[in-house]
Amino acid sequence: MPSEKILEQKKAVVEALAEDMRNAASAVLVKYEGITVDNDTKMRAALRAANVKYAVIKNTLISKACDQTGFEALKPQLEGMNALAISFDDPIAPAKILKEYAEKVETFEIRGGLLEGAVVDAATVNELADIPSKEVLVAKLLGSIQSPLYKFAYVLQAIIDKENEGSEEAPAETPAE
């Protein structure tokens, strides 16, 4: 039987995890197996750079946090060794980074996650990862707005050039002496 001190530590971990899950913009649950130390180090660095909280957590602790938060639908995914990536700012960041590594390592797979307070399946997390970044979407929007304006300006300039050609008169010839 675990000591009272260990039980209190586990309760604190579960409560902190439950609070993180409640406040998360998104969270991604991954099967944490088969990833090399080198890939794991790079992945964790990318997650830290994106301000994503990432940890390998015991399934029983995740399960208890799911019970506290109402995310029981995530519990069937809790088999084997799992890790949880939680983002409070960018809902796409953990999905995008973890999908990149799931494609590199066969045994490392996305199992599901949370998105805006709802449990989502692995297919939804993968679709979320395929969404371009905010910067790319803004650039595409600006490009689609600018393109017709450039074409309109080009047409106007062609009309002006054509009118200028018609109004220019050829210089008069001077009589030969």
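**View 1. The lining of the largest cavity is made up of Ser26, Ala27, Val28, Pro91, Ala95, Leu114, Leu115, Val120, Thr124, Val125 and Leu128.** The model is predicted, so local features need pLDDT of at least 70 and side-chain atom pairs count only at pLDDT 80 or more, while totals for chains, interfaces and linings use all residues. Residues are numbered from 1 along each chain as its sequence is written, and side-chain values use heavy atoms, with hydrogens and water left out. The structure holds 1 cavity of 30 Å³ or more, and the volume of the largest cavity is about 40 Å³. A cavity is a set of points, on a 1 Å grid over the protein atoms alone, where a 1.4 Å probe fits but cannot get out, and lining residues have an atom within 4 Å of a point; the volume is the space filled by probe spheres set on the points, which are joined across faces, edges and corners. At least two lining residues come from each of β1, β4 and α5.

**View 2. The open sheet has 5 strands in the order β2-β3-β1-β4-β5, with antiparallel pairing.** Strands β2 (52-56) and β5 (118-121) each have a single partner strand and stand at the edges, so one side of each lacks a neighbour in the sheet. From one strand to the next, the twist averages 20 degrees. Helices (H or I, at least four residues) and strands (E, at least two) are DSSP runs numbered from the N terminus, and two strands pair if DSSP finds at least two bridges between them.

**View 3. Strand β4 (residues 109-115) is joined to the antiparallel β5 by 4 bridges.** Leucine 114 has valine 119, in β5, as its bridge partner. Helix α5 (residues 122-129) packs on the sheet and touches β1 (26-31), β4 and β5, its direction making about 85 degrees with that of β4. Contact means heavy atoms within 4.5 Å, and angles run from 0 to 180 degrees between N-to-C directions of axes, which are lines fitted to C-alpha atoms, for helices over the stretch in contact.

**View 4. Helix α3 (residues 59-69) has the buried residues Asn59, Leu61, Ile62, Ser63, Ala65, Cys66 and Thr69.** Buried means under 20% relative accessible area, exposed over 50% and partly exposed in between, with a 1.4 Å probe and protein chains only. The cover over these buried residues includes α1, β1 and β3. Just after α3, glycine 70 adopts a positive phi of about 85 degrees.

Methods
1 Å grid on protein atoms, 1.4 Å probe; cavity = no way out; pocket = protein on both sides within 12 Å on 5 of 7 lines; lining within 4 Å.
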